[in-house]
Amino acid sequence: MTAPEPGTASPGCPVPHGGGLPVGVPLTPLYGAAVAEDPHGLYAELRRRYGPVAPIELEPGVEAWLVLGYSELLELTRNEALFSKDSRRWRVPAEGRLAADSRLLPMTSWRPTLLSLDGAEHQRLRAAVSDTLAQIDHRQLRETTEACANDLIDSWGPDGTADLIAQYARPLPLLVFTQLVGLPREAGPHLVELISHFVDSGPKSVRASAEFQAILVDLVRRRRAAPSADLTSWLLAHPAALTDEEAVHHLVVMLVAGNETSINWTGNTLRLLLTDRRFRATLTGGRLTVSDALEEVLWRDPPTQNFPGRWATGDTVLGGQYISAGDMLVLGLAAANADPAAQGLASAAQGSLGGNRAHLAWGAGRHVCPAQHPARIIVETAVETLLHRLPDLQLAVPPNDLGWRPSPWSRALLGLPVLYSAFTPPRPPAPERPAWTPPSTPDPSPSDSTPSDATSTARTPSSGRPAPRSWWSSLAGWWSGR
């Protein structure tokens with residue numbers, strides 16, 4: 001890759017100016033109905049018009065590049081020197097063109113987490129998260145997921161109807177992660193309720209966000225004093241020496257980001273099973289395993305369809321387009337998966353990509369998702385358990401009536417209503433457990449939106465205070481596509 005001569009034209013695009021985006025060409029919005037209703041058609045049209053890198057608009061007046069090409073996305077994610085994760089390089093806010101209430105702020109504001117860092121500091125935090133997740137016992141994770149899945153199915157009423165998003169895919173991953181991080185099983189429904197409140201930004205969102213934060217701060221404090229066999233204790237014990245503040249930040253990332261990805265992956269797999277006869281026939285006929293089916297969904301409808309972002313550290317060229325220093329580039333994960341050069345004519349003709357793990361649903365390079373293996377176990381177990389318990393599951397509405405969240409980031413169903421005739425024989429009731437009481441938290445106020453200094457074990461004198469409460473809500477809203 002070499003820097004172009006300023007003012008030269010790139011293929012399929014008029015002469016650039018300023019930030020490198022085209023002059024006189026209306027930018028295609030990456031928001032609104034088109035992204036929800038027909039994202040694949042949108043990406044195909046952008047590829048036809050511009051090639052593997054296309055100019056887009058993230059919101060009115062805010063431009064960016066969408067990387068649609070498979071090889072171009074690999075180059076983007078692997079070249080940290082040219083394409084940084086540090087959003088402080090972005091020209092739009094530097095030029096005063098990002099509104100104070102922009103919906104892009106939650107996902108583009110710099111934060112001291114592995115999502116926003118490059119180089120050695122990113123590697124330190126990523127090693128802590130990756131090594132912590134690697135300690136999960138996969139057999140125990142399957143058993144925990146199956147137990148939670150059965151509990152949810154058993155809770156449905158006797159009328160043979162359910163919404164597989166609201167009553168199954170959405171609560172299940174968090175019920176599992178609750179136990180993984182070291183909270184009691186009884187805390188799961190309460191955390192699901194809290195996240196639901198602050199994702200919706202309703203009247204209870206402020207209190208719910210404060211309580212969610214208080215629970216995690218309390219958990220980190222207790223595990224610092226008395227470690228156990230859970231993700232929180234392993235994170236704190238890692239040689240990377242995370243502060244309490246850093247540990248809380250990354251528990252939020254695991255609980256919110258990992259949770260939403262698993263929700264969408266489960267929902268999109270179940271939708272394909274209920275609407276695609278070929279897909280279901282090959283699965284139920286034994287020609288496709290559930291694991292293979294999950295891979296096909298990651299190719300066709302990955303849970304995260306686009307991911308922000310990378311920021312150019314200097315003037316360069318990518319996919320034939322002139323990129324200026326400070327430009328934002330969005331990872332078009334779904335579009336790159338659909339790149340004919342990636343899938344190959346043989347795979348496209350056969351109509352199945354099951355078992356092929358060369359997709360980019362998890363990203364690529366040093367920032368590839370570290371939670372893909374536990375997520376795979378949770379989603380695979382969720383699908384297998386549901387098919388075993390309700391083998392005659394049917395969609396309750398015409399497929400075209402299913403709605404999607406109008407999010408440029410998540411590929412998330414609004415609902416998945418189904419019908420079924422009967423349960424398989426119920427399991428024995430679980431033993432009684434004492435009720436869990438969440439830690440008390442005072443009424444939220446501007447002064448208590450962050451843990452007190454006493455709760456944070458400083459790693460260096462320059463260690464900052466935790467992020468304000470609004471980021472927790474914003475991160476959850478972004479990942480859920482709201």
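## Burial and helix α9

Buried means under 20% relative accessible area, exposed means over 50%, and partly exposed lies in between (1.4 Å probe, protein chains only). In helix α9, the buried residues are Pro171, Leu172, Pro173, Leu174, Leu175, Val176, Phe177, Thr178 and Leu180. The helix spans residues 171-180 and is mostly covered, with nine of its ten residues buried. Glycine 182 follows α9 and has a positive phi, near 110°.

## Model and overall content

This is a predicted model, in which local features need pLDDT of at least 70 and side-chain atom pairs count only at pLDDT 80 or more, while totals for chains, interfaces and linings use all residues. Residues are numbered from 1 along each chain as its sequence is written, and side-chain values use heavy atoms, with hydrogens and water left out.

The protein chain has 19 helices and 13 strands; helices (H or I, at least four residues) and strands (E, at least two) are DSSP runs numbered from the N terminus. Of its 482 residues, 56% count as buried. Contact means heavy atoms within 4.5 Å. Among contacts between residues at least 6 apart in sequence, 73% join residues at least 24 apart.

## Nonpolar cores

A nonpolar core is a set of buried Ala, Val, Leu, Ile, Met, Phe, Trp, Tyr and Cys residues joined through side-chain atoms within 4.5 Å. The largest one has 84 residues, and Trp156, Leu164, Tyr168, Leu386 and Leu416 have the most contacts inside it. Helix α13 (residues 244-275) supplies the largest share of this core, 13 residues. Another core, of 25 residues, lies apart from it and includes Leu42, Leu46, Leu68 and Ala334.

Leaving out residues up to four places away in sequence, tyrosine 168 touches Ala149, Leu152, Ile153, Trp156, Asp163, Leu270, Ala382, Thr385 and Leu386.

Axes are lines fitted to C-alpha atoms, for helices over the stretch in contact, and angles run from 0 to 180 degrees between N-to-C directions. Angles under 35 degrees count as roughly parallel, over 145 as roughly antiparallel, 65 to 115 as roughly perpendicular and the rest as oblique. The axes of α13 and helix α14 (residues 277-284) come within 5 Å and cross at roughly 95°, which makes the two helices roughly perpendicular. Thr269, Leu272, Leu273, Leu274 and Thr275 of α13 make the contact with Arg277, Phe279, Arg280 and Leu283 of α14. By class, this contact has five nonpolar, two polar and two charged residues, where Ala, Val, Leu, Ile, Met, Phe, Trp, Tyr, Cys and Pro count as nonpolar, Asp, Glu, Lys and Arg as charged, and the others, Gly among them, as polar.

For α13 and helix α15 (residues 290-300), the axes come within 10 Å and cross at roughly 100°. This pair is therefore roughly perpendicular as well. Trp265, Asn268, Thr269 and Leu272 in α13 meet Leu294, Val297, Leu298 and Arg300 in α15. The residues of this contact divide into five nonpolar, two polar and one charged.

## Local backbone and side-chain features

The peptide bond from proline 308 to glycine 309 is cis, with omega near -25°. Glycine 309 is in strand β8 (residues 307-312). Alanine 241, although not a glycine, has a positive phi of about 55°. Alanine 241 sits in the loop between α12 (231-237) and α13 and is partly exposed, with a relative accessible area of 40%.

Glutamine 372 belongs to helix α18 (residues 372-389) and counts as buried because its relative accessibility is 16%. The side chain of glutamine 372 reaches the backbone oxygen of cysteine 369 at 3.2 Å.

Methods:
Polar contact = N/O pair within 3.5 Å; in protein donor to acceptor, adjacent residues only side chain to side chain.
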